[in-house]
Structures are given as C-alpha cells and as structure tokens.
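Student: Hey, can you walk me through this one? I'd like to ask things as I go.
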Amino acid sequence: MFSFNKNLKDDAIVQGILAGGTQRRLFENKLYEKFYYLVRDAQFKHKISADDAQSAYSDAILGVIDHVVSGRFEGRSELKTYLFQIFTNKCVDIIRKTTTNKAEVHQNSVGLEDALAWLPDEAQSVVRKLIAESEVEQLRKHLRQLGEKCREMILAWGEGYSDDEIAQMMAYNTAAVAKTSRQRCLEKLKEKYSPPTPDGGAFNSPTGG
Amino acid sequence: MDKIEQYYNQTLSKAERLAFEEELKSNPALAQEVAFWVQARAAAQAEAHARRKEEFAMLGQSLTKTKQRSLYYTYAAAASVVLMLGLGWWIYKSQITNYESQINKEWASAYIEKNFTTLNTQMGNSNDSLQIGITAYNSGDLKKAKVAFEQLVQRDSLHAEAQKYAGIVALRRQDYDQAIKHFHALGLRTDLVANPGKFYEALALLHRDLPLDKKKVENLLKEIKAAKLDGWKEVE
C-alpha cells in the first residue's frame, strides 16, 4: 500500500486523483499539502495578503484537479510547474483586482466556456444566446435549496465524478441507478428555475434580429 | 437530457453527433435544454469548487498551525540548548572561581596569619604613636592600635607606615572596607621604595569577597606580577 508521507511523487498524486472514488479526495488534499509552501512564497513575491494567497492557491489547486480529471493535464510538464503557472496567474488576477479597483468585466466562468466550446460555431451561438453567468448564480442558489442527497449528487457530478463513482460514494447499487437519480435531481433543479425567454431576457438580448 | 450527456461524454457516434448539432440549430426546445444543462453543470462546478475551497482553507489553516507549532518547538529547543549551555558554562565557571577564590582566601588568611601576627618593633622613642600602636597591636589591643595608627594617618596623610599599619589593623579587625581604603591609598603612592599597598589590598579584597572583588583581585595580581611590585613573589 501507499504510505501517506509528505513526499508523495507527482505521478502517485495524479494517479490517485485519476483513480477517483473515495481516494480522490485524499490525493487532492495531498496535492494541496505538497505545494502549500508556494502560498508563503507568493505572499512575499506578489505582496498579497495571506488570505488572498491562500484563496488563489486553492483556486489553482482546483484548476489543476479539474485539468487532471478532464485529461487536459497530460503530464508533459511537471505538476509543480503546471500548478505554479496557474497559481501565478491567479495571484496576478488578485493584484489586478485590488490595484485597478475596477468592477470585474462580466465574464462567463471557465466551465461554462469550456462547455460551449464543445459545440460547433453555429450551434454554439444559438446556445450562447440562452445563457448567462447571472443565471448560473441563480442556479447555484436553487442548488443550495435542493435536498441533501440531490445536492451532494450534483456537486459530485460538478467535480467530475462519474456516475459509477457517484454510485460507489453514495451507496447506489449500480451506475445506472445513480445516473437516473442524478438526472431526476437535475430535473428538479430545472423546475425551480425559470429560464428567461430567448428574446425578452435582459441578460441575453440578442444583438441581431 | 441523456442525449446531451452522451454528447458531452463523447459516447455518441459521429452520425449521431452531427445530427445532434444540426438539431440544436433548429430546435429551440433542445437549445434551451442544452443551455440549462450547461449552466447547471457550471453551477454544480462552481458550488463544488466553493465547498472544496472551504475545505482547503481549513486544511491550509491546520498546515499553517502545525508549521507554526513546529516552529515554536524549534525555537523552544534552541532556547533550551542555549540555556543549558549557559547554565553549564556558569556552573563550570563558578566552580572554577569558587575553587580559585577558596584557595586564594585560604592562602590570604595563611599569609596574614604568618606575617601580620606581630609587627616588627622598632628601636626608638617608645612614646612615638607608631610605636604605641605597634606595641598595642602586638599585645592584642587592636582597638588601641587602630586609634593610634588612624590618628597618625590623620595628622600626616603621607605617613606610609602608619597607613600600612592602619590597614593591617583593620584587616585583623575584619573591617575589610576600611582595610581596603587604607591599602588602596597606600597603593596609589608612587614615591615609596617599597609599596606593598596593592598586594595588601588584594588580600583584603579576597577576604571581603564581594561580587566584583574577584575581578579587582585578578587585576591587582596581574598588575603586581607585571610590575614586580611588593609581594609579587608571593603571588607567583
């Protein structure tokens, strides 16, 4: 078995996260701990507060985890280099936010953009007219009002766990059962939420006719 | 919804995929469905991230704490090492100085016993105050001797013999402050052929044994040795 020492190799961490299931969280924490010293470094280097540095670090770690899970991290660079780059960008974002004091330009989150990018251009623009980040905020609120089990399930799905893993984690018999339950939860969420009409919504008034 | 997930999970065949994308353009209901799905997933992601971030923040706090704690341990260890070294040095040092001062005090007592029990009587006028003092001293009347010598010193502050005897009397009376005062005054004089002032002062200091006296004794003995003042042979 693996030993939980501090010097877990990068490979072991990546494999552990990819292996998924209940172990994934453990390895995520290991990843967080392994490079935690970067927080202190960044505090000095970028002259940002400890809280900001820690927040940026958490964001960066979550980004790396997403990339590992989605397969975007291909292991071509070292985990540390990869993390460091994302972390530095997050720190720079914080500096920009505090120094320019400007309201953030309203932007779709990375997850949303990723999902859109999957679609071919024409279909993408059709869907793009129907979405807005503010609605994602609405959905998050509704999500919090869902039942415990539903919420857990959708959150796990959001973290990129497969239905198989969700079935394991939440003691469902099969992945298919977990999937049906999850989709039902999504339907519940959909009922709570009323999408703005495509041509009447304030958020997403189409530019053309 | 299944179809959308299949599309995003890349489990559709190429034909199915193209058909899906084509339908998306013309079917507002499907587009609406996709828009919801995409946003719901983004919301789930954001929510999951927010929760995970909180967990990480806790983890980070505990990491900082343990780090700080281990830092405190390091400081404590370093401090105790320094303390032990200091203590060890102090004990060692005080043992040595105790040993030295013990030897020297005994040695001083022995010297005083040997040399100051009786003073040399001089031939001459027995009414001379000096002579009176010496006689009184030799007969054990230290009080009378003290009065005699001190009067003499008061009358003639340059009377080296009187000053010396006054010091010796004070030493015998264990009035070390007074002895040191006399010997010190004597030791400062440079006009004498023989001046045991500094050496006697060292003897008196050894007896008084105040915290700073050791240092003074050391300095005096060094001076005596270096300049070969009276008593340097004893010091050697």
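Student: What do the buried residues of helix 5 of chain B pack against?
Tutor: In this predicted model, they pack against helix 4 (129-138) and helix 6 (160-172) of chain B.

Student: Ok, and which residues of helix 5 are the buried ones?
Tutor: They are A145(B), K146(B), A148(B), F149(B), E150(B), L152(B) and V153(B).

Student: Switching topic: how many residues of chain B are in contact with chain A?
Tutor: 31 residues of chain B are in contact with 38 residues of chain A.

Student: Which helix of chain B gives the most to that side?
Tutor: Helix 3 does, with 26 residues. Helix 2 (14-26) and helix 3 (28-116) of chain B each supply at least two residues there.

Student: And how do the residues on that side of chain B divide into nonpolar, polar and charged?
Tutor: The side of chain B that touches chain A has 19 nonpolar residues, five polar ones and seven charged ones.

Student: Now chain A. What does its secondary structure come to?
Tutor: Chain A has 11 helices and zero strands.

Student: How much of chain A is buried?
Tutor: Buried residues make up 31% of the 209 residues in chain A.

Student: What share of its contacts with a separation of 6 or more comes from residues 24 or more positions apart?
Tutor: In chain A, that share is 58%.

Student: What pLDDT does chain A average?
Tutor: Chain A averages 81, and 85% of the residues score at least 70. Over residues 199-209 of chain A, though, pLDDT stays under 50. For that stretch the model has 12 contacts beyond four places in sequence.

Student: Why does K192(A) count as partly exposed?
Tutor: Because K192(A) has 13 C-beta neighbours inside 10 Å. A residue needs 20 or more to be buried, and 12 or fewer to be exposed, so 13 falls in between.

Student: Leaving aside neighbours within four places in sequence, what is K192(A) in contact with?
Tutor: K192(A) is in contact with H142(A) and Q145(A). As for L146(A), K192(A) is 46 residues away from it in sequence and 9.3 Å away in space, C-alpha to C-alpha.

Terms used
Residues are numbered from 1 along each chain as its sequence is written. Chains are lettered from A and ligands numbered from 1 in the order in which they are written. This is a predicted model: local features need pLDDT of at least 70, side-chain atom pairs count only at pLDDT 80 or more; totals for chains, interfaces and linings use all residues. Two residues are in contact if their C-beta atoms, placed from the backbone, lie within 7 Å. Helices (H or I, at least four residues) and strands (E, at least two) are DSSP runs, numbered from the N terminus. Ala, Val, Leu, Ile, Met, Phe, Trp, Tyr, Cys and Pro count as nonpolar, Asp, Glu, Lys and Arg as charged, and the others, Gly among them, as polar. pLDDT is the predictor's confidence in each residue, from 0 to 100.
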